[in-house]
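Dear colleague,

Please find below the structure that I am handing over to you. My findings follow it.

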Amino acid sequence: MPIIVNIDVMLAKRKMQSKELADILDITPANLSILKTGKAKGIRFDTLEAICKALKCQPGDIIEYVTE
């Protein structure tokens, strides 16, 4: 899939654990895992906004397009 999700990279840069981010976003760790692995079919803008706010980053730091 040409869309790469870099939540793990940003979590490592911010020295934050997935569970902590899931708690901040008020989503289950399982749903965060689906986002992190790129298995999600989409993401709501309010969820993306909350991730960016929690990780102090831009949407482009989280989602990347790579040509196949």
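In what follows, Ala, Val, Leu, Ile, Met, Phe, Trp, Tyr, Cys and Pro count as nonpolar, Asp, Glu, Lys and Arg as charged, and the others, Gly among them, as polar. By these classes, the lining of the largest pocket comprises 10 nonpolar, 2 polar and 1 charged residues.

The model is predicted: local features need pLDDT of at least 70 and side-chain atom pairs pLDDT 80 or more, whereas totals for chains, interfaces and linings use all residues. Residues are numbered from 1 along each chain as its sequence is written, and side-chain values use heavy atoms, without hydrogens and water.

Helix H2 (residues 18-25) and helix H3 (residues 29-36) pack at about 110 degrees, with axes 9 Å apart; helices are DSSP runs of H or I with at least four residues, numbered from the N terminus. Axes are lines fitted to C-alpha atoms over the stretch in contact, and angles run from 0 to 180 degrees between N-to-C directions. H2 and H3 are therefore roughly perpendicular (65 to 115 degrees). In this contact (heavy atoms within 4.5 Å), Ser 18, Leu 21, Ala 22 and Leu 25 of H2 meet Pro 29, Leu 32 and Lys 36 of H3.

Ala 54 lies in helix H4 (residues 45-55). With 16% relative accessibility, Ala 54 counts as buried (under 20% relative accessible area, 1.4 Å probe, protein chains only). Leaving aside residues up to four places away in sequence, Ala 54 touches Met 16, Leu 21 and Ile 24.

With kind regards

How values were computed
Helices (H or I, at least four residues) and strands (E, at least two) are DSSP runs, numbered from the N terminus. Angles under 35 degrees count as roughly parallel, over 145 as roughly antiparallel, 65 to 115 as roughly perpendicular and the rest as oblique. Buried means under 20% relative accessible area, exposed over 50%, partly exposed in between (1.4 Å probe, protein chains only).
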